[in-house]
Amino acid sequence: MDKYSSPVSYFWGAICTLFGAISLNDIAVVVGIILSIATFLINWWYKRRDANHKERLRQFYYEKHKKDNDECDL
């Protein structure tokens, strides 16, 4: 039993040491960075999806009206 409990104790000891070494300000900085990156990725995803949707609508309009892309002003 000691063969398994000793590494687990060392692991949790290291985790507690890590959390004890960082302050609340450090945690706030890390959370802020993570949220900024998440916001960027979400915005990029929806902008790309919106652009693809508009492109499909534009192609549908061109096919429906049999016009050249240069003649239509969308």
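Author: Let me begin with a term: rings of Phe, Tyr and Trp (its six-membered ring) pair if their centres lie within 6.5 Å, and planes under 30 degrees apart count as stacked, over 60 as edge-to-face and the rest as tilted. The structure holds two aromatic pairs in that sense. In one of them, the ring centres of Phe11 and Trp12 are 5.2 Å apart with planes at 75°, so this pair is edge-to-face. The other joins Tyr61 and Tyr62, whose centres lie 6.2 Å apart and whose planes stand at 65°, so it is edge-to-face.

Reader: What kind of model is this, and how are residues numbered?

Author: This is a predicted model, in which local features need pLDDT of at least 70 and side-chain atom pairs count only at pLDDT 80 or more, while totals for chains, interfaces and linings use all residues. Residues are numbered from 1 along each chain as its sequence is written, and side-chain values use heavy atoms, with hydrogens and water left out.

Reader: Back to those tyrosines, is Tyr62 buried or exposed?

Author: Buried means under 20% relative accessible area, exposed means over 50%, and partly exposed is in between, using a 1.4 Å probe and protein chains only. Tyr62 is buried because its relative accessible area is 9%, whereas Tyr61 has 28% and counts as partly exposed. Phe11, from the other pair, is partly exposed at 47%.

Reader: And what share of the chain is buried?

Author: Of the 74 residues in the protein chain, buried ones make up 3%.

Reader: How many helices and strands are there?

Author: The protein chain has two helices and zero strands, where helices (H or I, at least four residues) and strands (E, at least two) are DSSP runs numbered from the N terminus. Helix H2 covers residues 24-65, and at 1.5 Å a residue its 42 residues should span 62 Å, which agrees with the 61 Å between its end C-alpha atoms. That expected span is 1.5 Å times one less than the number of residues. After H2 comes Lys66, whose phi is positive, near 50°.

Reader: Which salt bridges does it have, and how many?

Author: A salt bridge is a side-chain nitrogen of Lys or Arg within 4 Å of a carboxyl oxygen of Asp or Glu, and the count by this rule is two. Lys54 and Asp50 form one of them, at 3.4 Å from N to O, and because they are four residues apart in helix H2, about one helical turn separates them. Glu55 bridges to Arg58, with the closest N and O atoms 2.9 Å apart.

Reader: What about the surface, which residues form a nonpolar patch there?

Author: A patch is made of residues with over 30% relative accessible area and no salt bridge, with like charges joined within 9 Å and nonpolar side chains (Val, Leu, Ile, Met, Phe, Trp, Tyr) within 5 Å. The nonpolar patch consists of Val29, Ile33, Ile37, Phe40, Leu41, Ile42, Trp44, Trp45 and Tyr46, which together have about 970 Å² of accessible area. Such areas come from the Shrake-Rupley method with a 1.4 Å probe, and for residues only the protein chains shown count as cover. Leu41 lies in helix H2 and is partly exposed at 45%.
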